[in-house]
Amino acid sequence: MKTDRSDILACLRNSEDYVSGQQLCDRLGVSRTAVWKVINQLKEEGYQIESVSRKGYRLVESPGDVYSRSEILSRLHTKWAGQNLHFFEETGSTNPDAKRFAEEGEPHGTTVVAERQTAGRGRRGRSWESPAGKSVYFTIVVRPKFAPDKASMITLVTALAVAEAIQEVTGLQAGIKWPNDIVVNGKKVVGILTELSMTPEMNEIQFMVAGVGVNVNHESAEEFPEEIRETATSLKIESGRHISRAELLERILTRFEEVYEEFERTLSLSGLKARYESRLAGKDSGVRVLDPAGEYTGISRGITETGELIVERENGETVLVYAGEVSVRGLYGYV
Ligand code: BTN
C-alpha cells in the first residue's frame, strides 16, 4: 500500500550506510530510472541525499517539518494503524472522509490526515478551527469485532495512546481529562471526536472512526480562537520547542495499534486501567458532573474496566458516569 516514494525514503532512513541503487531496485521491484526519479523529487523537496558512485545513496538530513504522506509512511512500522494513509492538503473534515472510505470498504486502520480542515468538527456540534501549518488533524477507522455497548471505550483507548505518544515525543506530562481531552499543565492540547456506524440491521458495529486534533506548534495563546484562549495550549508553548508533526503522528499511530490490540485482547480496559488512571486529570480531587438530569459534585476515583468514571458523591454514594451523557469539570477550572 505504500508508494515507491515512501518506500525509498524508508529504506534510506532505516539504513545508516549507503544504499545502492541496485538494492533499492531489488527491494522495491522498480527500475533504476524510477529510483533515480524519486531521489530527485525528494531532493527537490529539501531532503539532503548524498549520491556516491559505486556506493549509492545516503540520507544526510530531512528538511525541517515535512508533513506529507511519504514522510509519515516512511517513518511508520505498524502492522495496520495508518498503513492505508490518505493525506489531504485541505479537506472539510477528516471524520466524514474516513467514514466515506470505511463505507467503500477500506481496511481497519485506514487513516485520513489533513494539513487544513475547512469544516473541522468538535464535540456537541461545535466547530474545530483547523488552520494549516501548526496542528495534527487525523481520523482513524477501526472495524471492531465487539458489541456496540463497548464502543465508548474506543475514545479512552485513543486518548491513552495519544497522551502516551505526546509524552514520549515531548517529555511533557500529558494528562487525560476523561473521556475526550488531553491536557498539559491544566490546558487542553488535544480533542477527540469518535463516531460510530452501525450495520443496517442495527445490531453490530460496522466501523468506528476516531478523529483527533492536536495543537502542536502554536507559539502563543493568541493564535487560538478567543473563546478557547484561556483553556487551550500547544505542545510548543508548553515544551518551548518545535515538534515534528510527522514524528508525533508516527508515535500516535504506533501507540494506538499497541493500545487497541491490548484492549481487543480482553475487550475491556483491564490491561490498560493502571496506565490510564496514572494520567487521569483530577483523580482523587473534586469534580462537577454536568449531567443533563442535574449537576452534582463529588470526588473522582478512577475508571472502571468498562470505561465509566467513578465519582464518589458527598453523601457517600458511588456513581458510575457514562461517557457521552455528561461533561465533567474540575471544581476550580477546566481540569
Ligand atoms: C473536541 O474536543 O470537541 C473534539 C475535537 C476533534 C477534532 C478532530 S480534528 C480531526 C477530526 N476531524 C474533525 O473535524 N474533528 C476531529
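The protein chain in this predicted model is divided into three parts: domain 1 covers residues 4-61, domain 2 covers 69-278, and domain 3 covers 286-330. Taken over C-alpha atoms, the centres of domain 1 and domain 3 are separated by 55 Å.

Begin with a detail of the backbone at arginine 54. This residue sits in the loop between strand S1 (48-52) and strand S2 (56-61). Arginine 54 has a positive phi of about 65 degrees, although it is not a glycine.

The peptide bond that runs from tryptophan 178 to proline 179 is cis, and its omega is near -10 degrees. Proline 179 belongs to the loop between strand S6 (174-177) and strand S7 (181-184).

Now turn to the ligand. The space that the ligand takes is the largest pocket. Around the ligand there are 20 residues, and the closest are Ser93, Gln117, Arg121, Arg123 and Lys188. Sorted by kind, the residues of this shell comprise six nonpolar, ten polar and four charged.

Which helix and strands each supply at least two residues of the shell around the ligand? They are helix H5 (94-103), strand S5 (135-142), strand S8 (187-198) and strand S9 (205-215). The largest share comes from S8, which gives four residues to the shell.

Threonine 94 has a polar side-chain atom that lies 3.1 Å from a nitrogen atom of the ligand. In arginine 121, a backbone N or O atom lies 2.7 Å from an oxygen atom of the ligand. In arginine 123, a backbone N or O atom likewise lies 2.7 Å from an oxygen atom of the ligand.

How much of the accessible area of the ligand does the protein cover? On its own, the ligand has 410 Å² of accessible area, and the protein covers 98% of this. The size of an interface is often stated in such terms, as the accessible area lost when the parts come together.

Terms used. Residues numbered from 1 in each chain as written. Predicted model: local features only at pLDDT ≥ 70, side-chain atom pairs only at ≥ 80, totals over all residues. Heavy atoms only, no water. Near = heavy atom within 4 Å. Polar contact = N/O pair within 3.5 Å; in protein donor to acceptor, adjacent residues only side chain to side chain. Areas by Shrake-Rupley, 256 points an atom, 1.4 Å probe, with all protein chains shown as cover. 1 Å grid on protein atoms, 1.4 Å probe; cavity = no way out; pocket = protein on both sides within 12 Å on 5 of 7 lines; lining within 4 Å. Sits in = over half its atoms within 2 Å of the grid points. Nonpolar A, V, L, I, M, F, W, Y, C, P; charged D, E, K, R; others polar. Domains from an automatic or database assignment.
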